[in-house]
Amino acid sequence: MKTFDVIVIGGGHAGCEAAHAAARLGCKTAMVVTSIETIARMSCNPAIGGPGKSQIVREIDALGGLMARIIDISGLQYRTLNAGKGPAVQANRAQADTEVYERNMRSALEETPNLEIIEGSVAAIDVKNGSVTGVILEGGEKEGAEKLSAETIIVTTGTFLNGLLHFGMRKVEGGRFGEPPSTKLSDSLKQLGFTLGRLKTGTPPRLDRDTIDYSVLEEQPGDDPPAPFSFFTDKIDRPHIPCHITWTNEKTHEIIRASFDRSPLYTGEIQGVGPRYCPSIEDKVVRFPERNQHHIFLEPVSQNSPMVYPNGISTSLPED
């Protein structure tokens with residue numbers, strides 16, 4: 001049985017920072033992830049920062065964290081939002097090359113002293129006499145897979161705990177598309193007396209770059225020169241790729257209104273609380289009936305991928 005000071009469950013943004021911070025404090029740290037290949041995977045919005053979030057990233061950076069430094073060497077485009085307003089409401093936002101970001105974050109973690117990355121899925125948190133003693137990996141009690149021992153466990157839940165994906169009225173269990181949820185850990189937390197809730201996030205269908213007519217779109221370039229995210233970065237030396245802007249129209253809104261009976265957001269199928277600043281396109285059409293168009297930002301996800309992320313139309317509507 002391996003023994004650690006700290007075990008971090010999960011390898012998303014929060015898990016990466018928690019594991020790195022614990023290791024930098026001198027703690028012998030384990031980071032448990034289902035796959036090393038998915039560390040820091042940006043499965044939803046392929047960007048760092050934005051209103052509210054950029055301040056958090058920079059605070060983490062001031063404390064020696066990784067996100068700001070990694071995006072400064074992994075970005076496709078850098079912009080200062082609300083640049084025409086006062087500094088209190090300005091925010092940094094960087095469009096990430098998601099493949100490069102994952103690779104650079106993984107390398108930074110692998111090079112961090114006191115940190116060991118372990119592939120596995122945590123089935124339970126082990127508690128003896130009211131105190132945490134470690135975690136049990138799936139199959140551990142029956143198949144002899146190792147238990148990891150530690151007195152401090154950090155759970156960075158992300159979207160995996162009892163995760164459920166909605167495609168219109170079709171439901172599929174999953175932490176994210178193509179990956180299984182973490183159900184046993186949810187059961188373990190419930191048995192320990194924690195109250196479980198459910199939050200909702202949304203994501204749009206992706207587009208193929210080669211099917212988009214860019215000649216009719218508004219180009220959105222990045223800042224020149226770009227402002228670094230990290231206090232420790234002197235300058236950003238990466239090629240930039242523009243994003244593009246388009247809009248929904250009244251025909252789009254008619255299709256959405258006609259499909260509310262198949263939107264789990266409006267049939268009551270989804271009960272979770274959604275993010276405040278990221279309403280679905282269904283919510284936008286309902287909450288702002290006087291508007292006949294809404295912005296859509298077409299964002300590349302990587303220099304090596306034809307995939308484009310249409311920011312602004314996250315939805316629960318079915319594929320058709």
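The following is a conversation about a predicted model and the reasons behind some of the labels used for it.

Colleague: How do you know that the span of helix 1 agrees with its number of residues?

Modeller: Helix 1 covers residues 13-24, which is 12 residues. The expected span is 1.5 Å times one less than the number of residues.

Colleague: Which residues of helix 1 are buried?

Modeller: They are Gly 15, Cys 16, Glu 17, Ala 18, Ala 19, His 20, Ala 22 and Ala 23. Just after helix 1 comes Gly 26, with a positive phi of about 95°.

Colleague: What makes strand 1 and strand 8 the edges of their sheet?

Modeller: The open sheet has 4 strands in the order 1-10-9-8, with mixed pairing. Strand 1 (2-3) and strand 8 each have a single partner strand, so one side of each has no neighbour in the sheet.

Colleague: How do you know that strand 8 and strand 9 pair?

Modeller: Two strands pair if there are at least two bridges between them. Strand 8 (residues 122-128) and strand 9 (residues 131-137) are joined by 6 bridges and run antiparallel. Ile 125 stands opposite Val 135 in strand 9. The hairpin of these strands has 2 residues between them, and in it Asn 129 takes a positive phi near 55°.

Colleague: What joins strand 9 to strand 10?

Modeller: Strand 9 and strand 10 (residues 147-149) pair over 3 bridges, again in the antiparallel sense. Ile 136 has Lys 147 in strand 10 as its bridge partner, while Gly 134 stands opposite Ser 149 in strand 10.

Colleague: Why is the contact of Glu 116 with Lys 2 called a salt bridge?

Modeller: The limit for a side-chain nitrogen and a carboxyl oxygen is within 4 Å. In Glu 116 and Lys 2 the closest N and O atoms are 2.6 Å apart, and the pair counts as a salt bridge. Glu 116 is in strand 7 (residues 115-119) and Lys 2 is in strand 1, so the pair ties together parts 114 residues apart in sequence.

Colleague: How many salt bridges does the count give?

Modeller: The count comes to 14 salt bridges. One of them joins Arg 106 to Glu 110, with the closest N and O atoms 2.9 Å apart. Both residues lie in helix 4 (residues 98-110), 4 residues apart, which is about one turn of the helix. Glu 37 is linked with Arg 106 and Glu 110 in a network of salt bridges.

Colleague: Why is Asp 126 called buried?

Modeller: The cut-off for buried is under 20% relative accessible area. Asp 126 is at 11%, so it counts as buried. Its side chain meets that of Lys 128 in a salt bridge (3.0 Å, N to O). Lys 128, at 46% relative accessibility, counts as partly exposed.

Colleague: Why is the pair of Phe 167 and Phe 177 called edge-to-face?

Modeller: A search of the whole structure finds 2 aromatic pairs. In the pair of Phe 167 and Phe 177, the ring centres are 6.2 Å apart and the planes are at 70°, so the pair is edge-to-face. The cut-off for that label is over 60 degrees.

Colleague: What makes Phe 177 exposed?

Modeller: Its relative accessible area is 69%, and the limit for exposed is over 50%. Phe 167, at 22% relative accessibility, counts as partly exposed. Phe 260 and Tyr 266 form a tilted aromatic pair, 4.8 Å centre to centre with 40° between the planes.

Colleague: Which residues make the nonpolar surface patch of about 280 Å²?

Modeller: Leu 192, Phe 194 and Leu 196 make it. Leu 196 is in the loop between helix 6 (183-191) and strand 14 (207-208). Its relative accessible area is 40%, so Leu 196 is partly exposed.

Conventions: Residues are numbered from 1 along each chain as its sequence is written. This is a predicted model: local features need pLDDT of at least 70, side-chain atom pairs count only at pLDDT 80 or more; totals for chains, interfaces and linings use all residues. Side-chain values use heavy atoms; hydrogens and water are left out. Buried means under 20% relative accessible area, exposed over 50%, partly exposed in between (1.4 Å probe, protein chains only). Patches are made of residues with over 30% relative accessible area and no salt bridge: like charges are joined within 9 Å, nonpolar side chains (Val, Leu, Ile, Met, Phe, Trp, Tyr) within 5 Å. Accessible areas come from the Shrake-Rupley method with a 1.4 Å probe; for residues, only the protein chains shown count as cover. Rings of Phe, Tyr and Trp (its six-membered ring) pair if their centres lie within 6.5 Å; planes under 30 degrees apart count as stacked, over 60 as edge-to-face and the rest as tilted.
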